Amino acid sequence: MERGKGLAEGSSRSPGGGSGGDPPIPTTPSRYESQKRRDWNTFGQFLKNQRPPVPLPYCNSNHVLEFLRYLDQFGKTKVHLQGCIFYGQPEPPAPCTCPLRQAWGSLDALIGRLRAAYEENGGSQETNPFASGAIRVYLREVKECQAKARGIPHKKKKKKASPGQTDDDSTSSMPFS
């Protein structure tokens with residue numbers, strides 16, 4: 001995994017090897033890039049803390065699932081349990097003892113960033129554990145569970161109507177000629 005090593009260590013070498021004569025231009029990474037780097041480092045630390053430690057090339061979707069479950073303890077989204085009197089209520093009138101979890105949207109965004117970081121740091125697209133079917137299934141289950149717990153009906157998004165179309169036109173699968 002030598003290819004992306006400079007990126008992971010925050011190297012300031014230019015892509016051309018630094019012998020072009022031009023000094024490197026310091027740039028501030030975007031918010032997304034900074035978050036992606038933090039997420040990648042956090043996941044790397046999680047793997048190192050496993051007993052025994054897991055080298056990145058041996059990481060698989062099970063390690064990713066363990067990481068997502070580990071992160072749940074730091075969540076800020078109240079997810080009502082089925083026995084809770086507020087289960088299924090979008091806005092409960094009083095506090096309860098149900099656990100706080102990571103919100104589905106946060107987990108989905110995290111997986112997207114880690115999926116990109118894995119490939120940027122030398123991992124191949126074919127072996128990307130963040131892109132596995134097991135991760136997609138887990139995220140779908142979290143989304144459905146959280147929607148039920150808060151009483152939010154799960155609806156598939158409708159395709160956006162193009163300008164000038166009515167809502168009835170947007171449901172047609174055949175474009176106008």
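Q: Which residues of α3 are buried?
A: In this predicted model, the buried residues of α3 are S61, H63, V64, L65, F67, L68 and L71. They pack against α2, α4 and α5. At the start of the helix α3, a side-chain oxygen of N60 comes to within 2.8 Å of the backbone nitrogen of N62.

Q: What makes the N60 and N62 pair a polar contact?
A: The cut-off for a pair of N or O atoms is 3.5 Å. The side-chain oxygen of N60 lies within 2.8 Å of the backbone nitrogen of N62, so the distance meets the cut-off.

Q: Why is Q50 called buried?
A: Buried means under 20% relative accessible area. Q50 has 19% relative accessibility, so Q50 counts as buried. Q50 lies in the loop between α2 and α3, and a polar atom of its side chain is 3.1 Å from the backbone oxygen of F46.

Q: Why is T97 called exposed?
A: The label needs a relative accessible area over 50%. T97 has 81%, and therefore T97 is exposed. T97 is found in the loop between β1 (77-78) and β2 (100-101).

Q: What makes the Y118 and F130 pair edge-to-face?
A: Ring centres must lie within 6.5 Å, and planes over 60 degrees apart count as edge-to-face. The centres of Y118 and F130 are 6.1 Å apart and their planes are at 65 degrees, so the pair is edge-to-face. The pair links distant parts of the chain, with Y118 in helix α4 and F130 in the loop between α4 and α5, twelve residues apart. Both residues are buried.

Q: How many aromatic pairs are there in the whole structure, and why is the pair of W40 and F43 called tilted?
A: A search of the whole structure finds nine aromatic pairs. W40 and F43 are 6.5 Å centre to centre with 35 degrees between the planes. Stacked needs under 30 degrees and edge-to-face over 60, so an angle of 35 degrees makes this pair tilted. Ring pairs link W40, F43, F46, F67, Y70, F74, Y118 and F130 into a cluster.

Q: Which residues touch the most other members of the largest nonpolar core?
A: Of its 22 residues, F43, V64 and F130 touch the most other members. The elements giving two or more residues to this core are α2 (31-49), α3 (61-71), α4 (104-120) and α5 (133-149). α4 gives the most, with six residues. Leaving out residues up to four places away in sequence, F130 touches W40, F43, V64, I111, L114, R115, Y118 and I135.

Terms used. Residues numbered from 1 in each chain as written. Predicted model: local features only at pLDDT ≥ 70, side-chain atom pairs only at ≥ 80, totals over all residues. Heavy atoms only, no water. Core = buried A, V, L, I, M, F, W, Y, C linked by side-chain atoms within 4.5 Å. Buried < 20%, exposed > 50% of the residue type's maximum accessible area, 1.4 Å probe, protein only. Helix = DSSP H or I, 4+ residues; strand = E, 2+ residues; numbered from the N terminus. Contact = heavy atoms within 4.5 Å. Polar contact = N/O pair within 3.5 Å; in protein donor to acceptor, adjacent residues only side chain to side chain. Phe/Tyr/Trp six-rings, centres within 6.5 Å; stacked < 30°, edge-to-face > 60°.
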